[in-house]
Amino acid sequence: MAVSTRRLQKELADIKRDGTPVGITLLSAEDFATWYLSVEVLGNTVYEGEKFALKFRFDGQYPISAPAVQFVVDDTYQAPVHPHVYSNGHICASILGSEWSPVLSVVSVCVTIQSMLASCKVRPAIPYPRVRGRSEH
Amino acid sequence: MSQSFPGDALDDTPSRPLIAPLAPMLTLREEYVNGSQGFVKQIDYLISEGWIGVRRTRGDGDCFYRSLAFAYIENILNASDTMLAATGALSVLEASQPQLEQVGFQRLVFEDFYDCLAGLINQVISPGPDGQVLNINTLLEAFNNPEVSNSIVVYLRLLTSAEIKTNPEIAAFLIHPETGEQMDPESFCNNFVEAVGKEADHVQMNALATALKVNVNVAYLDGHDPQGKVSFVPFQNAPFTFLEPVNLLYRPGHYDILDRRDADPIPPLFVQ
């Protein structure tokens, strides 16, 4: 069994047993390659009332290798307007790159992204940075 | 003609195995013959002191942890009393789990990595899934399987982190490697210990040697000693160990394993 499957099975069992933190919901986890979770930012923030979806993709070496994580951009969901999020959903976060650690999990990544959004006090005037063309969904 | 640098021999081709079979030190010397004579002198010094073999590792930022893990398990395998060495190592590891939980790592996060390392050590004394006890060939095989090898590296990183966070003597001396500023244990470990591929420095080495209760000697090759001598830096924090010390060879930015043999032994064909 791939190391990723073993770990993701445990993470899934944990989510089913203990639930997810407030504002985070598991949308789908049909296999051990792609999961979707929704993220809402709580309280009085620039994202009040908005719900975002994160797409996680795992290779066989997860959690030794980082998951690929991006915001879903489709008919239902938009990427948040945030200095570290591209309009096509790509996220610029060190923990998803050079500072990834196997100590992190799907839920802890969601929590980090949730607090990254929560700390944005002023909504950028224009969606930025703009990326041309359609996203890859 | 391109300029040559002392580290040129540290080529980092993906084809280099994660951990290579033991090779004569002369093979390393050959790589420097047309380059830094300072390194050649120091290699000759090592050879004259009986360090005739080197086990090369891939230069991927995990080389310290991988070298240490391999040499540590090989020492258990070669111990005069393997039962005592393996059970001693396993009890140290067993006791490390609560330490990891104490600093806030969830069991879920580390148990697969733990099982991988403990399983391999256990295989020194009791047959594994293939019905065989561990020998040098199967140990090399395991360490060249990225899944096994990287899982062990990750466990050692988490253990290093837990030791840094719980050992006040270490926690007081955490310095950012670039800025030289004092750092708190949490952010030091997040940035320089737990992240995969981050190289280990003195602090991490001292912490891991302490946590594993293993003595480590590091031979520093820098090409600069006027007499061509090599200084060995000892990390001797385990006065009561049954194991031989682990000997590592450092060249700027990279760790390999140092050995007094120049080739791996041929494992017995039949084990009674």
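Chain B has an open sheet of 6 strands in the order β1-β2-β6-β5-β3-β4, and the pairing is mixed. Its edge strands are β1 (23–24) and β4 (231–235) of chain B, each pairing on one side only. Strands here are DSSP runs of E of at least two residues, helices are runs of H or I of at least four, and both are numbered from the N terminus. Two strands count as paired if DSSP finds at least two bridges between them.

Before going further, this is a predicted model: local features need pLDDT of at least 70, side-chain atom pairs count only at pLDDT 80 or more, and totals for chains, interfaces and linings use all residues. Residues are numbered from 1 along each chain as its sequence is written, while chains are lettered from A and ligands numbered from 1 in the order in which they are written.

Back to the sheet. Strand β3 (residues 216–220) of chain B runs antiparallel to β4(B), joined by 5 bridges. Within that pair, B:V218 has B:V233 as its bridge partner. Helix α3 (residues 63–77) of chain B lies across β3, β5 (246–251) and β6 (254–259) of chain B, at about 20 degrees to β6(B). For that angle, axes are lines fitted to C-alpha atoms, for helices over the stretch in contact, and angles run from 0 to 180 degrees between N-to-C directions.

How far can the model be trusted? The pLDDT, the predictor's confidence in each residue from 0 to 100, averages 91 in chain B, with 93% of the residues scoring at least 70. Over residues 1–12 of chain B the pLDDT is below 50, though this stretch has 17 contacts in the model beyond near neighbours in sequence. A contact means that the C-beta atoms of two residues, placed from the backbone, lie within 7 Å. Where pLDDT is low, the predicted coordinates should not be read in detail. The model scores ipTM 0.75 and pTM 0.86.

In total, chain B has 10 helices and 6 strands. Of its 272 residues, 39% count as buried, meaning 20 or more other C-beta atoms within 10 Å of a residue's own; 12 or fewer is exposed, in between is partly exposed, and C-beta atoms are placed from the backbone.

Why is B:I19 buried? Because B:I19 has 25 C-beta neighbours inside 10 Å. Its contacts, not counting residues up to four places away in sequence, include B:R55, B:F70 and B:F143. B:I19 and B:F143 are 124 residues apart in sequence, but 6.5 Å apart in space, C-alpha to C-alpha.

Next, helix α5. The buried residues of α5(B) include B:F110, B:F113 and B:L117, and the buried set packs against α3, α4 (82–102), α6 (136–144) and α7 of chain B.

Finally, chain A itself. Strands β1 (residues 24–28) and β2 (residues 34–40) of chain A pair in the antiparallel sense over 4 bridges. They form a hairpin with 5 residues between them, and A:L26 stands opposite A:L37 in β2(A).
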